[in-house]
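Work through the exercises below with the model open beside you. Try each task before reading its solution.

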Amino acid sequence: MNLEELSLINIFFVVMWIMGPAYIANSVAVLTGGKFPIDQGKILSDGNRLLGDGKTWSGLIGGTLGGIAFGIILNSDKGYNTLENLTGEKFEQELWGNNPLLVFTLLSFGALFGDMSASFYKRRQNLKRGDKFALLDMYDFIFMTLLLCFIFQNSWLMSWILDSWSPLFIILFLTPILHRGVNIIGYKIGIKNEPW
Ligand code: CTP
Ligand code: MG
């Protein structure tokens, strides 16, 4: 399948597929998180925590592994069958290039590293754990994900996402909607403290 020839709705499906590990990593971190704060309680000279209790090893490791596991499922025969049924297109089982495990790791770890960088910045702005920071909270994980993939895996996959406007536009448009939607569900069923 030549990705340049996809219709807009199919670009949407493929983008969701490719970025899936990053989105899932962020959600799994909420489930496995809460134990062993990464900053070990460290307070910087501005009187605020380095990262805060919302960034823990259990979230970082659980989320990264969860994202990688999800990527492996998407990349399996069953995963490709599902995508082919959704799109009506045939894919050559190479959506993540020739080193999918590396890409899954970059996508998952990148998402959580971006989330962590945002917390660092929030603490420097005197915002407490869980305080809202509208755009940053929604986009933090996706920017670092794209950046890491771009730096370490400059494959046709990333050039597809970054060269033509539609995949990137879909990512930027859908990320806040997905992010907010998942967080509202998490809040309602009681696994997340805030709906953002
Ligand atoms: N979480 C975690 N470790 C991570 C990421 C998330 O333990 N690396 C868990 C925490 O329990 C956190 C929850 O997932 O409270 C929600 O994540 P997030 O909204 O990113 O954290 P906040 O609590 O809002 O903290 P911050 O203000 O620093 O973003
Ligand atoms: Mg938050």
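Buried means under 20% relative accessible area, exposed over 50%, and partly exposed in between, with a 1.4 Å probe and protein chains only. This is a predicted model, in which local features need pLDDT of at least 70, side-chain atom pairs count only at pLDDT 80 or more, and totals for chains, interfaces and linings use all residues. Residues are numbered from 1 along each chain as its sequence is written.

**Exercise 1.** Decide whether Phe 36 is buried or exposed.

Solution. Step 1: find Phe 36 in the loop between α1 (8-32) and α2 (57-74); helices are DSSP runs of H or I with at least four residues, numbered from the N terminus. Step 2: Phe 36 counts as exposed because its relative accessibility is 60%. Step 3: note also that the phi of Phe 36 is positive, near 65°, although the residue is not glycine.

**Exercise 2.** Locate Asn 126 and state its phi.

Solution. Step 1: Asn 126 lies in the loop between α4 (100-124) and α5 (134-152). Step 2: its phi is about 65°, a positive value in a residue that is not a glycine.

**Exercise 3.** Which residues line the largest cavity?

Solution. Step 1: a cavity is a set of points on a 1 Å grid over the protein atoms alone where a 1.4 Å probe fits but cannot get out, and lining residues have an atom within 4 Å of a point. Step 2: the lining consists of Lys 132, Ala 134, Asp 137, Met 138, His 179, Arg 180, Asn 183 and Trp 196. Step 3: α5 and α7 (165-188) are the elements that give two or more residues to this lining.

Technical notes:
Chains are lettered from A and ligands numbered from 1 in the order in which they are written. Side-chain values use heavy atoms; hydrogens and water are left out. On a 1 Å grid over the protein atoms alone, a cavity is a set of points where a 1.4 Å probe fits but cannot get out, and a pocket is an open set with protein on both sides within 12 Å along at least five of seven lines; lining residues have an atom within 4 Å of a point.
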